[in-house]
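Hi there,

Here is the structure I promised to pass on. Please open it next to this email, and my notes follow below.

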Amino acid sequence: MPEVTDAEIARVFRAEHGRAVAALVRAFGDIDLAEESVQDAFAVAVARWPVDGLPPSPAGWIVTTARRRAIDRIRREKARAGKHADAAQLHESGDTAVDGEETVVPDDRLRLIFTCCHPALAPAARVALTLRLLGGLTTAEIARAFLVPETTMAQRLVRAKGKIRDARIPYRVPDPGELPARLGSVLAVVYLVFTEGHTAAGGDRLVRDDLCTEAIRLARLLAELMPDEPEVLGLLALLLLADARRPARTNAAGNLVPLAEQDRGLWDRDRIAEGQALVRRCLRLGRPGPYQIQAAIAAVHGDAATVETTDWRQVVALYDQLLVVAPTPVAALHRAVAVAEVDGPAAGLALVDALDLDRYHLFHAVRADLLRRLGRIPEATAAYDAALARTANAAERGFLQRRRAELS
């Protein structure tokens, strides 16, 4: 019998946590009960699997064990006697498959994602709850990722679950008429998780590998559950294409390496190919949206063997499309960078200076680089200082400090 290691159990936990919690929320209608029972089930797995071996269906084993634990919890709570009969009935007539292992309704997780990302919840709470329930991250892990105390994150999670309960937020996939508005909230949560991983807000490392991996896993889950939604496919493509550059974004010392200086031989070509295939699939669907257009921009970069061979005119044209469907100052800033490659740094700087992004460190970093290229050294120095004052990430700060030092 192959040995079942703690690492294998942890892998199953991360992969199956959301599936198990979603199945129990469907069965009992109680997020706290579902979450605690799944935790109990994995504690049993840690004790039993190294002895008994990995079950034929780990996911089914976890759901079955968690369900039994949930029923035991209900029976022990005398104050919830009204639910005792319900629990017994669920146990007797529950959905069971061969060998007594639970089946999981395919869209249970989709229901849970839409519950976690309901517009009634604050955006920060949506992110935290999605990572907790769908991703199985601990409260401490989520707190570290978003640079808040663990007690603050715990309170945020409690309030979010309380809001779902008190507001009676339904555990369901929205009706077709509601879906476009609600899907945007779901995609935004996954994108926020990735962006925090791609460039961490603080800390010593530029990239949080765990958050990038988790965001891509959630995006894959959405694409599996909603294969005909082009913005879902666009988001997955965007994350894959951006993450493909991860190995080249820092050097051996952990220093940030900008796009123009990256060793493109280190880029993950399999991820680029998958992302580009998804972009082509989106084009065939013919319903363009912000994530699809951003993915197309990333695909252009993925096509270029060097920064000099990048089709910057196509990048500018794609940003023009993006600004039609999602006109944001940050998108305009990135368009200005592309314009600078086509028409020169003066043209790019004129566009940058028209933006109101004083609090955004990349606004000042872009200005500094364009001013440097124009030979306006004192102004470039001041812009680097402004960028440094607005970022807490050590890798970004180190890069900006080196660039500033080069000016003298």
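Which element gives the most to the lining of the second largest pocket? H8 does, with 3 residues. Before the details, a word on the source: this is a predicted model, in which local features need pLDDT of at least 70, side-chain atom pairs count only at pLDDT 80 or more, and totals for chains, interfaces and linings use all residues. Residues are numbered from 1 along each chain as its sequence is written, and side-chain values use heavy atoms, with hydrogens and water left out.

The lining is made up of 13 residues, and Gly29, Asp30, Ile31, Ile164 and Arg165 lie nearest the centre of the pocket. H2 and H8 are the elements that give two or more residues to this lining. (Helices, H or I with at least four residues, and strands, E with at least two, are DSSP runs numbered from the N terminus.) By class, the lining has 5 nonpolar, 2 polar and 6 charged residues. In that count, Ala, Val, Leu, Ile, Met, Phe, Trp, Tyr, Cys and Pro are nonpolar, Asp, Glu, Lys and Arg are charged, and the others, Gly among them, are polar.

Helix H8 covers residues 150-166, which is 17 residues. From its first C-alpha to its last it reaches 24 Å, close to the 24 Å expected at 1.5 Å a residue; the expected span is 1.5 Å times one less than the number of residues. Buried residues in H8 are Met153, Leu157, Ala160, Lys161, Gly162 and Ile164. Buried means under 20% relative accessible area, exposed means over 50%, and partly exposed is in between, using a 1.4 Å probe and protein chains only.

Just after H8 comes Arg168, with a positive phi of about 50°. Arg168 lies in the loop between H8 and H9 and is exposed, with a relative accessible area of 73%. As background, most residues other than glycine have a negative phi.

**Aromatic pairs**

How many aromatic pairs does a search of the whole structure find? The search finds 3. Rings of Phe, Tyr and Trp (its six-membered ring) pair if their centres lie within 6.5 Å; planes under 30 degrees apart count as stacked, over 60 as edge-to-face and the rest as tilted.

One of the pairs is edge-to-face and joins Phe13 to Phe42, at 4.6 Å centre to centre with 80° between the planes. The two residues are 29 residues apart, so to speak across distant parts of the chain: Phe13 is in helix H1 (residues 6-28) and Phe42 in helix H2 (residues 31-52). Phe13 is buried at 17% relative accessible area, and Phe42 is buried at 4%.

Tyr191 and Tyr291 form another edge-to-face pair, 5.5 Å centre to centre and with 65° between the planes. This pair also links distant parts of the chain, with Tyr191 in helix H9 (residues 179-198) and Tyr291 in helix H13 (residues 290-303), 100 residues apart. Tyr191 is partly exposed, with a relative accessible area of 26%, whereas Tyr291 is buried at 13%.

A ring also features in a contact with a charge: Arg245 lies over the face of Trp267, at 5.9 Å from the ring centre. A charge sits over a ring if NZ of Lys or CZ of Arg is within 6 Å of the ring centre and within 35 degrees of the ring normal.

**Elsewhere in the model**

Is helix H11 enclosed or exposed, and what is its extent? In H11, 14 of the 14 residues are buried, so the helix is largely enclosed by the rest of the structure. H11 spans residues 230-243 and reaches 20 Å from its first C-alpha to its last, close to the 20 Å expected at 1.5 Å a residue.

Arg69 has its place in helix H3 (residues 58-76) and counts as partly exposed, at 33% relative accessibility. Between Arg69 and Glu36 there are 8.9 Å in space, C-alpha to C-alpha, and they are 33 residues apart in sequence.

Leu318, in helix H14 (residues 312-325), is buried with a relative accessible area of 11%. Leu318 and Val190 are 128 residues apart in sequence and 23 Å apart in space, C-alpha to C-alpha.

Notes
1 Å grid on protein atoms, 1.4 Å probe; cavity = no way out; pocket = protein on both sides within 12 Å on 5 of 7 lines; lining within 4 Å.
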